[in-house]
Amino acid sequence: MTTTQPIPATRNDAWGFYGTMNEHADAAWPITMTTISQATGQTLEAVRAFLDSRHGRHFADEVLPHLHAGQTLHDAIDAATRQWMGWTIGRQTSKDYGIPRGLPYLTGFVIHCAIADESLAA
């Protein structure tokens with residue numbers, strides 16, 4: 001049996017991923033949410049925290065050149081996701097953010113943003 005969770009809406013439509021994607025934002029949001037959640041194994045709420053952050057803006061900065069090169073939205077998001085999953089957290093980033101060294105960059109920052117979001121809500 002397959003259950004589908006509703007995609008959480010952005011809380012930052014002027015900045016972060018959503019704001020950076022401009023006219024592509026509405027179409028890109030649900031694709032990006034599910035793609036990153038599947039790639040990282042993190043919840044949709046954690047992915048929303050990431051995409052609403054400055055790191056989400058940087059992720060959009062990876063998606064847009066693929067779109068401008070003629071890729072479909074889905075392919076551009078997949079390419080950016082593969083890129084971020086291919087990078088790993090290095091020594092300095094680990095020191096600066098407390099993310100374990102060697103973790104895929106995307107996974108590390110999704111978790112980091114979720115923790116930061118949770119601590120702000122407390």
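This is a predicted model: local features need pLDDT of at least 70, side-chain atom pairs count only at pLDDT 80 or more; totals for chains, interfaces and linings use all residues.
The largest nonpolar core comprises 31 residues. Within this core, the residues with the most contacts are Phe 17, Met 21, Ile 36, Phe 50, Leu 51, Phe 59 and Val 63. At least two core residues are supplied by each of helix 1 (16–21), helix 2 (25–40), helix 3 (44–51), helix 4 (54–68), helix 5 (73–86) and helix 7 (105–121). Helix 3 provides the largest share, namely six residues. In soluble globular proteins, nonpolar side chains tend to be buried together.

The surroundings of Phe 50 were examined separately. When residues up to four places away in sequence are not counted, Phe 50 touches Ile 36, His 55, Gly 56, Phe 59, Trp 84, Leu 106, Phe 109, Val 110 and Cys 113. Two of these partners, Ile 36 and Phe 59, are also listed with Phe 50 among the core residues that have the most contacts.

Helix 5 was considered next. Its 14 residues, at 1.5 Å a residue, should span 20 Å, and this agrees with the end C-alpha atoms being 20 Å apart. The buried positions of helix 5 are Leu 73, Ala 76, Ile 77, Ala 79, Ala 80, Thr 81 and Trp 84. These buried residues pack against helix 1, helix 2, helix 3, helix 4 and helix 7.

Across the whole structure, a search finds 11 aromatic pairs. In one of them, the ring centres of Tyr 18 and Trp 29 lie 5.9 Å apart with the planes at 70 degrees; the pair is therefore edge-to-face, as planes over 60 degrees apart are assigned to that class. Because Tyr 18 belongs to helix 1 and Trp 29 to helix 2, this pair ties together parts that are 11 residues apart in sequence. Tyr 18 and Trp 29 are both buried.

A further edge-to-face pair is formed by Trp 87 and Tyr 105, whose ring centres are 5.6 Å apart and whose planes stand at 90 degrees. Trp 87 is located in the loop between helix 5 and helix 6 (91–97), whereas Tyr 105 is in helix 7, so the pair ties together parts that are 18 residues apart in sequence. Trp 87 is partly exposed, its relative accessible area being 31%. Tyr 105 is likewise partly exposed, with a value of 22%.

The residues of both pairs belong to one aromatic cluster, which is formed by Phe 17, Tyr 18, Trp 29, Phe 50, Phe 59, Trp 84, Trp 87, Tyr 97, Tyr 105 and Phe 109.

Key: Residues are numbered from 1 along each chain as its sequence is written. Side-chain values use heavy atoms; hydrogens and water are left out. A nonpolar core is a set of buried Ala, Val, Leu, Ile, Met, Phe, Trp, Tyr and Cys residues joined through side-chain atoms within 4.5 Å. Buried means under 20% relative accessible area, exposed over 50%, partly exposed in between (1.4 Å probe, protein chains only). Helices (H or I, at least four residues) and strands (E, at least two) are DSSP runs, numbered from the N terminus. Contact means heavy atoms within 4.5 Å. The expected span of a helix is 1.5 Å times one less than its number of residues. Rings of Phe, Tyr and Trp (its six-membered ring) pair if their centres lie within 6.5 Å; planes under 30 degrees apart count as stacked, over 60 as edge-to-face and the rest as tilted.
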